[in-house]
Amino acid sequence: MIDSLGRVPVSAPALDVRRLTKRYDDGTVALEDFDLTIPEGMFFGLLGPNGAGKTTLINAVCNLIRITAGDVRVFGEPGSSLLARSWVGLAEQDINLDRFLTVEETLVYHGGWFGMTKHDAERRAAEMIDVFDLRAKSDVRTPKLSGGMRRRLLLARALMHRPRLVILDEPTASVDFELRQELWRYIRRLHEKGTTILLTTHYLEEAEALCEEIALIRAGRLIARDTASGLRRAYTADSLTEVYVKAMHEQPCPVEEAAA
Ligand SMILES: Nc1ncnc2c1ncn2[C@@H]1O[C@H](COP(=O)(O)OP(=O)(O)O)[C@@H](O)[C@H]1O
Ligand SMILES: [Mg+2]
């Protein structure tokens, strides 16, 4: 909600997902009765094996798929509203750059899409091009970029319109060690400035180092959510990797036992 002065009360979480269910047309139930709340400013990790429902959740939050049931709110606004959509920046798992656009055009067009003036979009694009070290390629069309450059451009594009909630779906999948370090450095800086981050990754050590809280998701259900140290305690594990292995193979998990 927004008050008459256009302020958003601090109490609204960055993301509030209630009883979300997604059944695809072929009958696959990717998410069932899924609840998730992420406070503003948090660096949040979503972990789970391939097919667990992470991308479905993200697509539901970003209004890219029709949800079957449930409610999605972004900073208190319905996820489908224009306002909510303008507050979210998404770097999708699949690199989906327009092959006919240059680096700079990719960014400027995205800004225009989100209602930025041409002048603002051009300035912001220049800033992003410098931050992500794409200056030498700014007039090059996207098919001519290396894989690492495409990943950087994807992230730059997600940040173009200065979103309050940045969603990164496996941003470092098949990215080399150095670029991974670089992307993490950048994402950390973004978080320090107050941006809320929702990250999915299969790099568990990195999730442990970066994320203030972590949710484990298995077969469309949330099975645990805590700080890394809280999860280690709950699963009597020495590392997040051990937590993950236990959580994905144990039936039921400690959280379900506690609730029973
Ligand atoms: N468009 C679709 N149609 C049917 N099933 C889908 C579709 N997209 C994803 N799924 C299924 O939904 C489940 C969750 O997938 P996804 O959200 O991509 O998981 P993750 O991102 O955690 O790997 C999987 O069983 C997947 O096969
Ligand atoms: Mg996925």
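The chain has 10 helices and 10 strands; these are DSSP runs, numbered from the N terminus, with helices being H or I of at least four residues and strands E of at least two. Please bear in mind that this is a predicted model, in which local features need pLDDT of at least 70, side-chain atom pairs count only at pLDDT 80 or more, and totals for chains, interfaces and linings use all residues. Residues are numbered from 1 along each chain as its sequence is written, while chains are lettered from A and ligands numbered from 1 in the order in which they are written.

I turn to overall dimensions. The C-alpha atoms of the chain fill a box of roughly 55 × 45 × 40 Å along the principal axes. For 260 residues, a compact globule would have a radius of gyration near 18 Å, and the chain agrees with this at 19 Å. The radius is taken over C-alpha atoms, and the globule rule is 2.2 Å times the number of residues to the power 0.38.

Next, ligand 1. Which residues are around ligand 1? They are Y24, D26, T28, A30, G48, N50, G51, A52, G53, K54, T55 and T56, where near means a C-beta atom, placed from the backbone, within 6 Å. Helix α1, residues 54-61, gives the most to this shell, with 3 residues. By class, the shell has 3 nonpolar, 7 polar and 2 charged residues. Here Ala, Val, Leu, Ile, Met, Phe, Trp, Tyr, Cys and Pro count as nonpolar, Asp, Glu, Lys and Arg as charged, and the others, Gly among them, as polar.

Finally, helix packing. Helix α3 (residues 103-113) packs on helix α4 (residues 118-131) at an angle of about 135°, with the axes 9 Å apart. Axes are lines fitted to C-alpha atoms, for helices over the stretch in contact, and angles run from 0 to 180 degrees between N-to-C directions. The two helices are therefore oblique to each other; angles under 35 degrees count as roughly parallel, over 145 as roughly antiparallel, 65 to 115 as roughly perpendicular and the rest as oblique. Residues of α3 in this contact include V103, L107 and G111, and those of α4 include A121, A125 and M128; contact means C-beta atoms, placed from the backbone, within 7 Å. This contact has 7 nonpolar, 2 polar and 4 charged residues.

The axes of α3 and helix α5 (residues 147-159) come within 9 Å and cross at roughly 25°, which makes α3 roughly parallel to α5. V103, T106, L107 and H110 of α3 make the contact with L153, A156 and R157 of α5.

Conventions: Contact = placed C-beta atoms within 7 Å.
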